[in-house]
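Please keep the sequence and the structure in view while reading.

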Amino acid sequence: MIQVKTSAKCAGCVAKIGEQLNQFLMPDQWSLDLSTPDKLLTVNADVPAERVVDAVRAAGFKAELR
């Protein structure tokens, strides 16, 4: 499991991040919890953590491994 702190703030942010993640993940392999202070993205897939971080950044958001 990979957990990434993000700067996402709304459902639109989640959609933008999702566009990047869905290029290499299935939608059921990730979730983004906006209710936590860290706006935590959780990925349950066997992919490199840096690839997930890069995808969030490519969507225009800050990303930091937890």
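## Basis of the description

Two strands are said to pair if DSSP finds at least two bridges between them. Helices (H or I, at least four residues) and strands (E, at least two) are DSSP runs, numbered from the N terminus. The model is a predicted one, in which local features need pLDDT of at least 70 and side-chain atom pairs count only at pLDDT 80 or more, while totals for chains, interfaces and linings use all residues. Residue numbers start from 1 along each chain as its sequence is written, and side-chain values use heavy atoms, with hydrogens and water left out.

Four strands form an open sheet in the order 2-3-1-4, with antiparallel pairing. Strand 2 and strand 4 (63-65) stand at the edges with a single partner strand each, so one side of each has no neighbour in the sheet. Direction ignored, neighbouring strands of this sheet are turned by 25° against each other on average; axes are lines fitted to C-alpha atoms, for helices over the stretch in contact, and angles run from 0 to 180 degrees between N-to-C directions.

Strand 1 and strand 3 pair in the antiparallel sense over four bridges, and I2 has V43 in strand 3 as its bridge partner. Strand 1 also pairs with strand 4, in the antiparallel sense over three bridges; here T6 stands opposite A63 of strand 4. The covered face of strand 1 carries I2, V4 and T6, and its uncovered face carries Q3 and K5. In a regular strand the side chains alternate between the two faces of the sheet.

## The hairpin of strands 2 and 3

Strand 2 and strand 3 form a hairpin with six residues between them. Their pairing is antiparallel over four bridges, strand 3 comprising residues 40-43. Within this pairing, the bridge partner of D33 is L40 of strand 3, and S31 stands opposite T42 in strand 3. Strand 2 (residues 30-33) has W30 and L32 on its covered face and S31 and D33 on its uncovered face.

Which residue in the turn has a positive phi? In the turn, K39 has a positive phi of about 50°, although K39 is not a glycine. K39 is partly exposed, with a relative accessible area of 22% (buried means under 20% relative accessible area, exposed over 50%, partly exposed in between, with a 1.4 Å probe and protein chains only). D38 is also found in the loop between strand 2 and strand 3, and at 29% relative accessibility D38 counts as partly exposed. Leaving aside its neighbours within four places in sequence, D38 is in contact (heavy atoms within 4.5 Å) with K5, T6 and R66. The C-alpha atoms of D38 and A8 are separated by 9.1 Å, the two residues being 30 apart along the chain.

## Helices across the sheet

Helix 1 lies across strand 2 and strand 3 and runs at about 160° to strand 2. Helix 2 lies across strand 1 (2-6), strand 3 and strand 4, running at about 165° to strand 4.

## Packing of the two helices

Two packed helices are described by the angle between their axes and the distance between the axes. Helix 1 (residues 11-21) and helix 2 (residues 49-58) pack at an angle of about 130°, with their axes 8 Å apart. The two helices are therefore oblique to each other; angles under 35 degrees count as roughly parallel, over 145 as roughly antiparallel, 65 to 115 as roughly perpendicular and the rest as oblique. Helix 1 contributes I17, Q20 and L21 to the contact, and helix 2 contributes V52, A55, V56 and A58. The contact residues divide into six nonpolar, one polar and no charged (Ala, Val, Leu, Ile, Met, Phe, Trp, Tyr, Cys and Pro count as nonpolar, Asp, Glu, Lys and Arg as charged, and the others, Gly among them, as polar).

Apart from neighbours within four places in sequence, L21 is in contact with W30, L41, V52 and A55. L21 and V56 are 35 residues apart in sequence and 7.7 Å apart in space, C-alpha to C-alpha.
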